[in-house]
There are 2 protein chains.
Amino acid sequence: MSPRRSGRRPGNPDTREVILAAARTTFAERGFDAASIRVIAAAAGVDPALVHHYFGTKEQLFRATIDISVDPAELLPAVLSGDRDTVGERLVRMFLTVWDSPAGAAAVALLRSAVANEWTARLLREFLVTQVLRRVLDQLAIDPAELPLRGSLVASQMIGLAMMRYVVRLEPVASAAPEALVAAVGPTVQRYLTGELADPPGGRRA
Amino acid sequence: MSPRRSGRRPGNPDTREVILAAARTTFAERGFDAASIRVIAAAAGVDPALVHHYFGTKEQLFRATIDISVDPAELLPAVLSGDRDTVGERLVRMFLTVWDSPAGAAAVALLRSAVANEWTARLLREFLVTQVLRRVLDQLAIDPAELPLRGSLVASQMIGLAMMRYVVRLEPVASAAPEALVAAVGPTVQRYLTGELADPPGGRRA
């Protein structure tokens with residue numbers, strides 16, 4: 001609403017966008033863990049305190065760069081705190097609840113963009129790994145050596161489900177009732193999280 | 001190489017592209033089953049015999065529109081003819097063999113394009129349903145009522161695997177040995193094809 005005033009970054013309406021652009025580049029290039037508010041602030045030419053003022057924590061800034069308003073840290077504890085044998089079902093149910101909601105439009109946009117754009121693909125990867133999968137696997141007390149494979153298998157099924165339901169729109173997955181998909185896909189996610197992933201050593205089937 | 005000659009369609013170097021464009025539109029709008037060589041030829045303004053001359057069968061023309069040189073009709077019988085209890089593993093193995101090969105580049109391009117473009121999404125959907133899933137499910141003698149759900153669940157896992165391995169490149173799925181993925185994902189596909197998809201009626205777990 002106010003005219004643009006140069007030389008006064010805090011009052012410059014572009015400052016928020018400058019910080020977001022610097023954050024996108026830094027998260028994509030360095031990954032979430034290695035990116036710091038200090039580095040992002042330097043890349044944007046602003047004080048770190050201003051980044052916190054606009055965006056809050058590093059997690060919040062990261063979600064802002066990919067335009068995702070849903071906070072996995074708020075949603076996941078309820079999913080992960082119940083019976084360990086049905087966590088797969090609860091995870092699929094939460095996933096569908098978010099993607100079927102108005103917030104899902106941003107998730108579909110992120111998925112589309114990740115396919116077209118290498119940087120967005122990196123941001124999506126960082127989001128999956130650091131904001132979703134790491135939390136899930138930490139709370140389920142999974143063998144750290146198996147954690148990356150289990151996490152990326154869960155991601156493959158979840159992203160594939162999103163692709164078929166929201167992008168390619170293959171029926172009947174595209175318009176199935178969420179609970180039908182929870183029943184069908186939940187056991188897959190459950191096995192990827194806590195089940196046997198390979199045949200026992202020396203025991204490959206003929 | 002030769003100069004463009006208008007008014008002589010058979011010798012016009014653009015004829016092939018005109019037919020392909022008409023085929024893409026027709027397959028996307030009507031679906032594979034309802035699209036006919038006759039309709040495509042009419043849309044392109046050429047004789048149906050010329051379409052056959054350039055592209056062969058309707059299946060071959062369809063694969064040409066999406067730039068896929070691999071013919072599921074040639075690959076699938078070997079996958080489907082063996083032990084029914086391990087068809088999931090064999091399907092994942094064939095899928096990875098194709099996508100890891102030079103032909104996989106076209107598949108990745110199709111996947112990227114399907115995400116950005118509604119028409120390509122329709123073509124990918126038609127390819128999955130009519131060229132791949134229908135053949136798989138026909139040969140496995142699956143209850144026709146369950147066929148669409150089983151097929152689209154298999155597609156969700158396979159496309160999700162392709163997304164993570166070739167597009168988002170999430171590790172360790174991106175560089176895992178094919179057999180590790182066959183062991184991990186094969187049982188998922190097996191269950192989607194031949195296993196129990198929902199809890200027994202009245203028997204939902206608490």
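At what angle do helix H7 (residues 104-116) of chain A and helix H8 (residues 118-140) of chain A pack? I looked this up before anything else.

**Ground rules.** I am working on a predicted model, in which local features need pLDDT of at least 70, side-chain atom pairs count only at pLDDT 80 or more, and totals for chains, interfaces and linings use all residues. Residues are numbered from 1 along each chain as its sequence is written, while chains are lettered from A and ligands numbered from 1 in the order in which they are written.

**Entry: two helices.** I read an angle of about 125 degrees between H7(A) and H8(A), with the axes 6 Å apart. Helices here are DSSP runs (H or I, at least four residues; strands are E, at least two), numbered from the N terminus. The axes are lines fitted to C-alpha atoms, for helices over the stretch in contact, and angles run from 0 to 180 degrees between N-to-C directions. H7(A) and H8(A) are therefore oblique to each other. (Under 35 degrees is roughly parallel, over 145 roughly antiparallel, 65 to 115 roughly perpendicular, and the rest oblique.)

I then listed the contact residues. H7(A) brings Leu110(A), Ser113(A) and Ala114(A), and H8(A) brings Thr120(A), Ala121(A) and Leu124(A). Contact means C-beta atoms, placed from the backbone, within 7 Å. By class I find four nonpolar, two polar and no charged residues. (Nonpolar: Ala, Val, Leu, Ile, Met, Phe, Trp, Tyr, Cys and Pro; charged: Asp, Glu, Lys and Arg; polar: the others, Gly among them.)

**Entry: two chains.** I laid chain B on chain A.

Next, the interface. I see 34 residues of chain B in contact with 34 residues of chain A. H9(B) gives the most to chain B's side, with 13 residues. That side divides into 23 nonpolar, six polar and five charged residues. The copies meet through the same surface, because 100% of the interface residues of chain B are also interface residues in chain A.

**Entry: two domains.** Chain A is assigned domain 1 (10-65) and domain 2 (72-194). The bounds come from an automatic or database domain assignment. Their C-alpha centres lie 26 Å apart. Eight residues of domain 1 of chain A are in contact with seven of domain 2. H1(A) supplies the largest share of domain 1's side, six residues.

Technical notes:
Two residues are in contact if their C-beta atoms, placed from the backbone, lie within 7 Å.
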